[in-house]
Amino acid sequence: MGGVGRVYDVSTGKSFYGPGGPYAMFAGKDTSRALAKMSKNNDDISPSLVDLSNKEIGVLNDWENKFQAKYPVVARVLN
Ligand code: HEM
């Protein structure tokens with residue numbers, strides 16, 4: 001556990017996250033770990049922040065800023 005836990009409405013990013021899109025595997029998931037590691041591997045599509053480097057945490061923060069600017073937050077994962 002320990003993912004960022006913000007749920008974004010990425011409807012306007014359908015070309016990225018919709019069926020057949022390059023990041024479709026991220027839709028509906030807590031992708032904190034995958035974003036931190038710049039990974040699309042199934043094993044990394046997880047909320048776990050365990051053993052991430054400071055650099056990877058920085059990458060995750062950069063993604064967070066990008067998403068906050070681009071997509072509305074519609075929910076928050078509580079556990
Ligand atoms: C050779 C590898 C890659 C290329 C050429 C590439 C290319 C791109 C491009 C052109 C964009 C659009 C940028 C923009 O709208 O400003 C993008 C967005 C994105 N990429 Fe990649 N990418 C690559 C690898 C990856 C990997 C490994 C990940 C894994 C985390 C990733 C995750 C994302 C995400 C989450 C977005 C944001 C989409 C959004 O705006 O919602 N990319 N990528």
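By class, how many nonpolar, polar and charged residues does the lining of the largest pocket have? There are 13 nonpolar, four polar and four charged ones, where Ala, Val, Leu, Ile, Met, Phe, Trp, Tyr, Cys and Pro count as nonpolar, Asp, Glu, Lys and Arg as charged, and the others, Gly among them, as polar.

Some ground rules: this is a predicted model, where local features need pLDDT of at least 70, side-chain atom pairs count only at pLDDT 80 or more, and totals for chains, interfaces and linings use all residues. Residues are numbered from 1 along each chain as its sequence is written, and side-chain values use heavy atoms, with hydrogens and water left out.

A pocket here is an open set of points on a 1 Å grid over the protein atoms alone, where a 1.4 Å probe fits, with protein on both sides within 12 Å along at least five of seven lines; lining residues have an atom within 4 Å of a point. Arg6, Tyr8, Phe26, Lys29 and Thr31 are the closest to the centre of the largest pocket.

Now for the ligand: you'll find it in the second largest pocket, meaning that more than half of its atoms lie within 2 Å of the pocket's grid points. Tyr23, Phe26, Leu35, Met38 and Trp63 lie nearest that pocket's centre.

Around the ligand are 14 residues, each with a heavy atom within 4 Å of it. Tyr17, Tyr23, Trp63, Lys70 and Tyr71 come nearest.
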